[in-house]
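Please take a moment to look over the structure shown here before reading on.

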Amino acid sequence: MNLLQQGCLSSSPSHISWAISLQTLELYQWLRVRQPRVSIQAWVRSICDYHNVRSRSYWQHFSDTFNVYLKIRRGVELRVRESLGRLDHHWRVKSSCPCCQNQLPGEAPLQVSVMGVLDGNQSLKRVRLREGAVGDPREFTSDYYIPEDHVDVFKHDSQAKGTNDPASQEPQAWSKDLEEATPADGANEQTTCTERWKAAQSDNLKRMWAIYHETGIFLSACRHGLIWWICDMVLSGELYVQFVARRMILQLIETLRAKYPLAIVNEALDAFGDKVGLGYDIGCSFTEMIAKSSISEKAKAKGLRLVVPAFHGYAHKRLCQLSFHPLYAGGFGIEDLETAEWIFSSFNGLANVTRYASHFHRHQSINLYAQQHDDDKYQELCMYSP
């Protein structure tokens, strides 16, 4: 406490060998959310170069102290939320965007009460630990993240696409860049767009590198860009196989299934209630997935509507566009629902600092950046006002 009163912080409360000023920690926090490519190592080395000091292992001490600093800030934020009665699971999502959630007295009911988007992206992969290595045991909790066990509730809601003939299961030649798997794997409905649209191709045409544990993130957001929920797309251990000779890809990736969008849709129905409208790159085939999933009755009762975002929609067949393009689906106005692509283009800067990070530090970095992203979008909401 005496150290804090002097404006400094150490990573250890009892054995203090050195300390960092709170101003330095706060400055790096703001730098990190504005330019996430600046790692702790680069930051510490820059300070050492400025003072003409050899950096040595200072970055590790700074990293530990920065973790303590962020934990203190999260603890203060939690106490404030508790005092204000904002501990409800869906409070942040239901209160994040006044333009989406607030209704004027006497306002006529809308065909779509809340518009949002959902999509997956593979830029925020994380390399798995080598065999036998012990990772960081800490777990990061955040109301942005849907826990992995909640997502896995839906892992059996869809079966893998493709034929059951073992003779046709021979994988194609290995190529890192052949195709990236998508979160839509698992759909078995052959819509008019399944063969044409990349996001709905057959599972045995999709491959992902086995060196990654998390293969990306799947997120949802309102049409104004404020994030609702994030899921880790995880390479499940039960589906992971070792490479053997030429059959390197056999059953390697069957993990990015429809469980991710299903988990988010379930949360959206619980949080927002009736007449939720969502844009998804394969909204056409995903509609059929929901109809055969465990949330089909809930989605039908609450009037869930799915469309394909405007830009992606033009890659779908005309018959699909008549039913799922937002221009022709009533209630969506002139929204393009490509908001997820804007968010991912911003989050790409996190890739180099999270690729080799621990599970805890990866979540901490994504959560910190997501909070600042939402703060920025909240300030920009006036752009949508007349």
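Which element gives the largest share of the lining of the largest pocket? That share, 12 residues, comes from α4, where helices are DSSP runs (H or I, at least four residues) numbered from the N terminus. The model is a predicted one, in which local features need pLDDT of at least 70 and side-chain atom pairs count only at pLDDT 80 or more, while totals for chains, interfaces and linings use all residues. Residues are numbered from 1 along each chain as its sequence is written, and side-chain values use heavy atoms, with hydrogens and water left out.

The largest pocket has a volume of about 1600 Å³ and is lined by 47 residues, of which Glu 77, Ser 142, Asp 143, Asn 367 and Gln 371 lie nearest its centre. A pocket here is an open set of points on a 1 Å grid over the protein atoms alone, where a 1.4 Å probe fits, with protein on both sides within 12 Å along at least five of seven lines, and lining residues have an atom within 4 Å of a point. Besides α4, the elements that give two or more residues to this lining include α2 (22–34) and α15.

Helix α4 (residues 58–83) packs with helix α15 (residues 359–379) at an angle of about 55 degrees, their axes lying 12 Å apart. On the α4 side the contact (heavy atoms within 4.5 Å) includes Ser 63 and Glu 77, and on the α15 side it includes His 361 and Gln 371.

With α2, by contrast, the axis of α4 comes within 11 Å and crosses at roughly 85 degrees, and α2 and α4 are therefore roughly perpendicular to each other. Among the residues of α2 that take part are Leu 22 and Tyr 28, and among those of α4 are Phe 62 and Arg 73.

The second largest pocket has a volume of about 530 Å³, and its lining of 24 residues has Gln 41, Ser 63, Val 353, Ala 357 and His 361 nearest the centre. Here too α4 gives the most to the lining, with seven residues.

Technical notes: Axes fitted to C-alpha atoms, helices over the stretch in contact; angles between N-to-C directions. Points joined across faces, edges and corners; volume = space filled by probe spheres on them. Parallel < 35°, antiparallel > 145°, perpendicular 65-115°, else oblique.
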